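Let's take a friendly walk through the salt bridges of this protein. Have the sequence and the model at hand as you read.

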Amino acid sequence: MNRTDPARPAAGSGRRTQMRAILVGSVPNLVQWFNLYLYATFAPYFRTEFFDPASTHSLVYVYGLFALTFVVRPLGSWLFGRLADVRGRQFALVAAVTLMSAGSVALAVTPTVDAIGAWAAVILAVVSIVQGIATGGEYAAATVLLSESGTRGHRGFFASFQATTIVGGLVLAQTCLLVLLASTDRAAISEWGFRLAFAAAGAAGLASLWWARGLDRVPRQPTAPQADQDATMGALFRVHWRPLVWVFLLTAGGSAAFYTFTVTVPSIVRETFFAADGDRGELTATGLVLAAFVVLMVLQPVGGALSDRIGRKPLLVVFGVLGIPATGALVPATAHLASPLAVLAILVSAFLVLTCYLSVNGIAKAEVFPPHIRALGVGFGYAVANSLFGGTAPLIYHATSGHVGVEFIAYMAVLIAVTLCAALRMRGGSATALDKPNSPL
């Protein structure tokens with residue numbers, strides 16, 4: 001009598017289940033991050049619609065509210081992490097995307113500061129809070145769903161689709177900006193173009209939910225009998241505090257580098273090219289950034305598959321070692337160079353380094369928690385570090401120097417060094433605790 005390895009389901013049904021899991025986790029994840037990154041991409045344009053156009057600090061205010069979305073992420077990770085561990089990963093994912101999409105629709109119709117005064121900024125702040133809560137919950141649900149859906153020896157590849165769709169959100173947001181820049185000008189984008197983009201993102205989010213409901217429900221990872229009562233913050237801090245601290249430290253530098261490379265640097269590139277060649281330069285810069293984001297997106301499954309062969313640790317260590325000089329070179333170079341080929345080469349080189357973190361950090365975090373508290377542990381540790389260091393990176397850059405200052409580079413170097421130390425503490429190899437989900441850590 002032949003026995004089937006429970007970790008390796010029958011080929012046909014196993015592949016179908018895994019493909020459904022990838023689709024259920026990836027498509028809502030894609031539109032979720034598309035909604036979020038529209039804010040970061042269009043912030044320099046819509047700032048005058050929500051704050052006094054004459055204010056020289058409006059961009060700082062807008063990025064301050066972007067940072068607010070990160071401040072509330074721990075709350076979202078707690079609410080939706082608990083929901084994902086008790087009600088299922090897919091249920092939590094759908095709820096989070098619904099909140100995010102509603103926020104984008106609200107931004108598309110919010111009156112300007114000229115029409116309702118300070119209430120425009122208040123509405124922007126409320127939407128930022130709602131979308132921050134949604135993002136905090138969605139990250140854990142998608143990460144754990146995709147991490148648990150892979151098979152032994154392929155989990156890194158499957159989990160990397162979460163990073164792929166995160167970058168896919170950047171690609172979609174950048175594409176929207178490129179289309180608008182090619183068809184109109186800065187003034188029109190500030191007046192109505194950003195509203196069109198937010199409306200499209202909100203509609204895409206709601207459409208993705210309708211689409212996902214048509215798929216078969218993805219089976220939930222089996223949990224221990226006491227799962228429901230143990231999936232609490234108290235249990236997380238009391239029993240699982242060591243992996244929680246490790247996730248926090250690993251996220252600190254990786255998250256700061258990600259938002260520096262994908263939010264701050266593209267903004268610097270656009271302003272540098274605009275100063276050199278006006279509207280045509282800005283259009284060129286947007287196309288360059290979009291091309292680099294496509295490369296970054298394609299690299300994620302490559303990094304995930306590589307980690308299945310050599311382990312997560314080597315890639316994370318490479319990021320920690322190369323991330324410091326990459327940041328030190330990337331930010332100053334993009335602030336002064338207006339050569340398309342040179343800037344594209346610099347961006348792609350930096351994204352190769354970033355891939356070593358981005359493609360494997362989700363699976364690395366999911367591996368260190370048992371199933372009954374996995375979503376809460378991954379989500380909360382990530383959200384706290386992300387709120388302190390990730391989302392604040394664009395704010396810190398613009399609020400301090402506004403140009404390439406040594407203080408910002410030093411700040412980034414310290415955070416990436418923290419991530420390097422966390423990576424060095426990992427166990428080597430490519431085996432994962434997810435292959436034996438009910439065994440103690």
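At 25% relative accessibility, Arg186 counts as partly exposed in this predicted model. Its salt-bridge partner is Glu271, with 3.0 Å from N to O between the two side chains. Because Arg186 sits in helix α8 (residues 186–213) and Glu271 in helix α11 (residues 241–310), the pair ties together parts that are 85 residues apart in sequence. Glu271 is partly exposed too, with a relative accessible area of 37%.

| Salt bridge | N to O distance |
|---|---|
| Glu271 and Arg186 | 3.0 Å |
| Arg280 and Asp277 | 3.0 Å |
| Glu367 and Arg312 | 3.1 Å |

Now look within helix α11, where Arg280 and Asp277 both lie, three residues apart, or about one turn of the helix. Arg280 is exposed, with a relative accessible area of 60%, while Asp277 is partly exposed at 35%.

Next come Glu367 and Arg312, whose side chains also meet in a salt bridge. This pair links distant parts of the chain, 55 residues apart: Glu367 is in the loop between α14 (361–366) and α15 (374–390), and Arg312 belongs to helix α12 (residues 312–336). Are Glu367 and Arg312 buried or exposed? Both are buried.

Finally, which residues do salt bridges with shared partners join into one network? Arg186 and Glu271 return here, together with Glu282.

Technical notes
Residues are numbered from 1 along each chain as its sequence is written. This is a predicted model: local features need pLDDT of at least 70, side-chain atom pairs count only at pLDDT 80 or more; totals for chains, interfaces and linings use all residues. Side-chain values use heavy atoms; hydrogens and water are left out. A salt bridge is a side-chain nitrogen of Lys or Arg within 4 Å of a carboxyl oxygen of Asp or Glu. Helices (H or I, at least four residues) and strands (E, at least two) are DSSP runs, numbered from the N terminus. Buried means under 20% relative accessible area, exposed over 50%, partly exposed in between (1.4 Å probe, protein chains only).
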